[in-house]
Amino acid sequence: MVKVNENYLKLEKNYLFIRIAEKVNAFKASHPDATLIRMGIGDVTLPLAPVVVDAMKKAADEMGVKETFRGYEDSGAGYDFLRQAVSGYYKSFGADVPMDDIRINDGAKSDCGNLVDIFGDDNIVLVTDPAYPVYVDSNLMSGRKLVYADSDESNNFAALPCEEGYVLDGVMVHPDIIYLCSPNNPTGSVYTKEQLAAWVAYARAHGSVILFDAAYEAFITDAALPRSIYQIPGAKEVAIEMCSLSKTAGFTGVRCGYTVVPSELTATASDGTQVSLKQLWNRREGSKFNGVSYPVQRAAEAVFTDEGLKQIHENIRYYQENARVIAETMTALEIPFTGGINSPYIWFKCPDGMDSWAFFDKMLNEIAVVGTPGAGFGKNGEGWFRLTAFGDKENTIEAMARLRKMLSK
Ligand code: PLP
């Protein structure tokens, strides 16, 4: 008789955004005339940059001609033209990442989950709380134990390593795998170089591996802030980085990202031998992944051209202006918040001590604005709320006017 993976039974019954969608659908059914403004799910709304569309069309045409048609890509790691472009992009902000350490994928979410395949199930995993739910779920699914680093008001939602370790089942432990995300989803906080260096030093001291999620690096405007963990000396021996074109270039529906596993990164096997994590990762991908489509990779290559970068930054600036409008509203309402600068997310404290699902219901029912309750991202998210700047400008302005009105009652 078939047995299920019992670990799945330990997961929250519904992924956060499914629960939100259910509530929104019920609201729409009972308020058919309401003009709903969605600032919940972090999806982009602007169309792809013209250079990206042109590159995708050209590649589609090539696929229709015998001489230029492409089937399976040899390695499945990504075409050299794109891996070279990503390597050049890293170089532009001071990170030395050779193309051989880069693999192209269908977005960062897949690899956030897939990477754990190369690590033993007895590793202890650290996740900052609150966090992007995929880090927690992927590890619960494989039965790993988790510890949490508190991100809260006391550290401006940027948890730093605790040198004494973390309590797991009543015992102090040092985690083996550490998930970090900067700029952070959901809190919008960004690690400084010094803060990230503290995590790198912690990982080096305790033989841990950092899985660094840089999905929002393109939103960093302050040149002093790190956009890649590889801007930190010594990181290559302890860190894997995941990044994505979803938010950088509006690829949420196109699907393309990249993961870096440095050649320098090793782990110790049970017989004491040093194993290259890059080799394990390539082996895993060789068996389970056949690469990203040619037209998508050509589209991604176009993002990293001078014209592509210029065009995607016009879109990013549009979202940054929305973030400014939201942040300005919070300031005017004297609501404590993080993010909004160097990040497309604004993370604010629910007024009057409300819990975050109660505030979600209030916003939905009273002003037809959808946000994301902080509690969905972990225990420290309770009492906090996330809004995204990925909507359109008029809706963002209108939503903030409605919020001001609601809170001035
Ligand atoms: N990482 C973080 C922190 C995210 O917020 C998201 C998407 O919202 C992703 C990764 C995954 O993005 P994608 O799979 O579209 O690349």
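Which residues in H11 meet which residues in H12? In this predicted model, Phe359, Lys362, Met363, Glu366 and Ile367 are the residues on the H11 side, and their partners in H12 are Arg402, Leu403, Met406 and Leu407. Let's look at this pair of helices, and then at the ligand.

**Where two helices meet**

- Helix H11 covers residues 356–367, and helix H12 covers residues 393–408.
- Their axes come within 11 Å and cross at roughly 105°.
- Angles of 65 to 115 degrees count as roughly perpendicular, so H11 is roughly perpendicular to H12.
- Sorted by class, the residues of this contact are six nonpolar and three charged, with no polar ones.

**Around the ligand**

- The ligand is surrounded by 14 residues.
- Ala108, Asp213, Tyr216, Ser244 and Ser246 are the closest of them.

**Atoms to find in the structure**

- Start with the backbone of lysine 109, where an N or O atom lies 2.9 Å from an oxygen atom of the ligand.
- Next, look at the side chain of tyrosine 216, which has an N or O atom 2.6 Å from an oxygen atom of the ligand.
- The side chain of serine 244 also has an N or O atom 2.6 Å from a ligand oxygen atom.

**How the protein covers the ligand**

- On its own, the ligand would expose 400 Å², and the protein buries 91% of that.
- Helix H4 (108–114) and helix H7 (246–249) are the elements that each give two or more residues to the shell around the ligand.

Terms used:
Residues numbered from 1 in each chain as written. Predicted model: local features only at pLDDT ≥ 70, side-chain atom pairs only at ≥ 80, totals over all residues. Heavy atoms only, no water. Axes fitted to C-alpha atoms, helices over the stretch in contact; angles between N-to-C directions. Helix = DSSP H or I, 4+ residues; strand = E, 2+ residues; numbered from the N terminus. Parallel < 35°, antiparallel > 145°, perpendicular 65-115°, else oblique. Contact = heavy atoms within 4.5 Å. Nonpolar A, V, L, I, M, F, W, Y, C, P; charged D, E, K, R; others polar. Near = heavy atom within 4 Å. Polar contact = N/O pair within 3.5 Å; in protein donor to acceptor, adjacent residues only side chain to side chain. Areas by Shrake-Rupley, 256 points an atom, 1.4 Å probe, with all protein chains shown as cover.
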